[in-house]
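Biologist: I am new to this one. Please walk me through how to read it.

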Amino acid sequence: MVRKYFEVEGFIVLEAINGPLALMVLHEQAIDLVILDIMLPGLDGFAITCAVREPLSPQQMTTSSSVPIIALTARGDEAVKLGVR
């Protein structure tokens, strides 16, 4: 449903069915926005976010990406809503 809303507005949408594939897409494509399911199979949304935000190298303070990330989830527990793992 989210994909359709963005496509109707003229955005190009890339989709990954699991966490490892999502990371591959993020490394191979120029992405302007990530809409991420927290409960992806294979590698969850928390791990993907950490991988996208980790420094390029130990000496650098800049992260590998500053792309905006919107996390969606069907989980209802309060810790997830607050962004606490």
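Biologist: In which handedness of crossing does α2 pass α3?

Modeller: Handedness first: a crossing is left-handed if the near helix is turned anticlockwise from the far one by less than a right angle, and right-handed if clockwise. Here α2 passes α3 in a right-handed crossing. This is a predicted model, where local features need pLDDT of at least 70, side-chain atom pairs count only at pLDDT 80 or more, and totals for chains, interfaces and linings use all residues. Residues are numbered from 1 along each chain as its sequence is written, and side-chain values use heavy atoms, without hydrogens and water.

Biologist: At what angle do α2 and α3 pack?

Modeller: Helix α2 (residues 19–28) and helix α3 (residues 45–53) pack at about 25°, with axes 10 Å apart. That makes α2 roughly parallel to α3 (angles under 35 degrees count as roughly parallel).

Biologist: Which residues in α2 and α3 meet?

Modeller: Contact means heavy atoms within 4.5 Å. From α2 come G19, A22, L23 and L26; from α3, I48, A51 and V52.

Biologist: How many aromatic pairs does the structure hold?

Modeller: A pair of aromatic rings is described by the distance of the centres and the angle of the planes. Rings pair if their centres lie within 6.5 Å, and planes over 60 degrees apart count as edge-to-face. The structure holds one such pair. The rings of F6 and F11 have centres 5.5 Å apart and planes at 70°, so the pair is edge-to-face.

Biologist: Where is E54 found?

Modeller: E54 sits in the loop between α3 and β2 (69–72). Its C-alpha is 8.1 Å from that of S65, 11 residues away in sequence.

Terms used. Axes fitted to C-alpha atoms, helices over the stretch in contact; angles between N-to-C directions. Helix = DSSP H or I, 4+ residues; strand = E, 2+ residues; numbered from the N terminus. Parallel < 35°, antiparallel > 145°, perpendicular 65-115°, else oblique. Phe/Tyr/Trp six-rings, centres within 6.5 Å; stacked < 30°, edge-to-face > 60°.
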